[in-house]
Amino acid sequence: MSIRTKVLGMVDVIMRVPPILIIDEILRIDMGLSSSGSSSSAGAGGGGGVGSVDSTVDVVDSSNAAGVAESIVAAAATAATTANDTNPGGGFLGQMFVDLVEDFTSETYISDLLGLTSVRFLICLLGLICAICVVVLWTRHLVVVYMFVISLGLTFLSHWSNITALAIIEKSPCILEDVLSMNTTRLMDTGSVVVAVAPHIVAQWFMGMLFAYIHLGPRYKMLQKKLPLIFASPILLATLPLKPRLIKYLSLLAHTIPLILTKITLLTSAMDVIKTVCNGYMYAINFISNFGVSALIENEWQRLNVPSVLRVFWIIRMTLEFVSMMLRNEVNSGNLLPTIQSLLVNGCGTLTTVLGMTSVISVICDYIGKAFQWYLLTFDNEEEKSLGTVSAVLFYVLALQTGLTSLDPDKRFVRLCRNLSLLITALLHFIHNIVSPMLMSLSAARNPSRKRHFRALTVCVFLVIAPICLLITLWKRHSPSTWLLAVTAFSVEVVVKVLVSLATYTLFLVDAWRSTFWEKLDDYLYYVRAFGNSVEFCFGILLFFNGAWILVFESAQNATGGAIRAIMMCIHAYFNIWCEARAGWSVFMKRRSAVHKISTLPEATPAQLQAFDDVCAICYQEMHSAKITRCRHYFHSVCLRKWLYVQDRCPLCHEIMMYTDRTDDSHNNVPHQQDMDAPLVNRNREDVALENARSRSTADADNNTSSSSSSSTSATTTTVSASLLATASGVASVSSGLVSSNFSAGSGGSSAASHSSSSSQINTTAPTTSRTAAVAATATAAASNSTHSFRFPSDFDVQD
């Protein structure tokens, strides 16, 4: 991206900030619904919204117009004073609003209108809608709006400057007489009228040139050249000996032409405004019909660059607050904590400022994630990419739940600190999600870099120490409460998850350095993960009851926050409690059933294993102990148990593996126990697959004698293929459960071995059953992604 593109993008962001400042000011005065009695609380509370204000409708009598005007000015002054004392959120913009109210209420008719709450609300609503429309405009339309507003503002600014200069001239001696009499002493005096009026003349000339350049009215060549002179003409004419009554109207006469040009612009652009609104509406309708509402929101979010706009708005807002505090001498250079506290309180007084703070927090969390990513030497972690977004959503939901904008300044700062404590614990969870996959992948390598191990382990140590220090600090300074209980639960949960990850990492690392097959590894992993998941499940239930207590007893005064909390509790109860409990129970029952089935199979003797002299067809590891299936195939007990999570058929020949009474009665060729004691012929899995394919081909050829039998065979093959595809998908779903063994630690070698297995089966299977064999190989490959990593050769070195 070029520098020019970045500069234009920054200019586009800055142009969208002033309307948001207007929206923020409208929200600070509670949409004009706060009366004089509630203005103090509104100024302190920061304008939490329309729903948080108890508005009353003032009935105005025409005979009491002066009293109404005084009450409005007093209310505005009280709000500004309260805001400056307890919550200096108004700053410069708040004082400007008070001055504007004073100017408006100086007229009796306007004071009558502004005395009505409904009128004030409608004015604020109209201003809010206009500001929102300006924010969402396309850049070219936004430039046109700013050109019109600046040209109109230059007209009023020029009028104010002329009025000020005319007042100075009116009270001073005649400048023309001094010029004609060559009274250089009085003309060159630093306190003379010439020195006081000269800056106004220069300013009028430049404002006239700028107006001629940016105004959108008719551009007549002669008029364009005369505009700077027209702007400065009232001051120049006032130097002549004219009557005072005529001098008062010079400014109005001079600005008649700019106002006419502005009015022509407004009239000629009315149709363009209507066309722009209609085109925008049609664009939104067509976009929604083609891509959906979510796509439209995402597209507009990127076009408007909402996060950057909110960040710039919040920074400008806090800068104005800081400058305002410095002008009031409220900044203590020796102790900046009160100043920071005041800025943070004012930075979350309205919904717009909360959004701005959320955007800033999102950037901070995103950089924290990138810092840990750089330290861990990993740059493709999806968890880090979503860290900023998830943190922002979490902070904003917490702000809405706790009613942050409607609290008093002191309570708001305390609540903000509590929300940030919860956000810190959530950030620790996100960091654990970044380092945990890296630990699993490092444990799979035989000769990895010790530097990466050290970095991952130091992050784990940090994740253990940080929550403990946080809990010690909080428990020393605060008494037990619901929020402290929630922070404690999250912190302890992070420590437990880190310890579980370290235990799993240690087990995988020990297994990677063992020269023999570790059959008990799967059981140890199951116990470790079961402990971790059980602790998380218990904390989930505890947090649910904690949230229910807050909802019932602590959210009575915040209806909006209570509703949001209730929705979040329902989501938490379904996903984190019900779904986890159902998945855990399902995995437990599958494991229990598989263990029971495995116990019915006979154990291979050392003589049988020596005669077999082959590896397990599932995990490709040497067999020092094995189970013998009904079809007389040898597998590890652990591997076979995982396969039984999916189906009861043999991975090689797809026959029923278990011994049942029905199969023993219906088949006479089932081997007896004494036959199984004899050593088996040393046959590898490719021979078995080849013989199985040949037997199936022969059976298919015999069945092709009639069309009906051919159709039946085709249907059977399709059914088997579909069932195997379903079971292959089932392996993936089971592997992600409580006792899943599909880890990054062992995926590299196992996947390679599984690929060679599927290739050998597909190549050795007859064409008639190639589809069935391919699907069977897929299911075998899915099951072979076991807990135990593939053994690398001793000379194979995994580099950094």
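I took helices (H or I, at least four residues) and strands (E, at least two) as DSSP runs, numbered from the N terminus. The model is predicted: local features need pLDDT of at least 70, side-chain atom pairs count only at pLDDT 80 or more, and totals for chains, interfaces and linings use all residues. Residues are numbered from 1 along each chain as its sequence is written, and side-chain values use heavy atoms, without hydrogens or water.

I looked up the UniProt record. Its unreviewed entry places "domain: RING-type" at residues 616–654; such annotations may be inferred rather than shown by experiment. The span is 21% helix and 10% strand, and its end C-alpha atoms lie 16 Å apart.

**Whole chain.** I found 34 helices and two strands in the protein chain.

**Cysteines.** I searched the whole structure for disulfides (cysteine sulfur atoms within 2.5 Å) and found zero. The sulfur of Cys631 has its closest cysteine sulfur in Cys653, 3.4 Å away, too far for a bond. I also checked Cys365: it is buried, at 5% relative accessible area.

**Helix pair.** I checked helix 19 (residues 351–376) against helix 23 (residues 450–477). Their axes, lines fitted to C-alpha atoms over the stretch in contact, come within 9 Å and cross at roughly 145 degrees, on a scale from 0 to 180 degrees between N-to-C directions. The contact (heavy atoms within 4.5 Å) includes Phe372 and Trp374 of helix 19, and Arg452 and Phe462 of helix 23.

Key. Buried means under 20% relative accessible area, exposed over 50%, partly exposed in between (1.4 Å probe, protein chains only).
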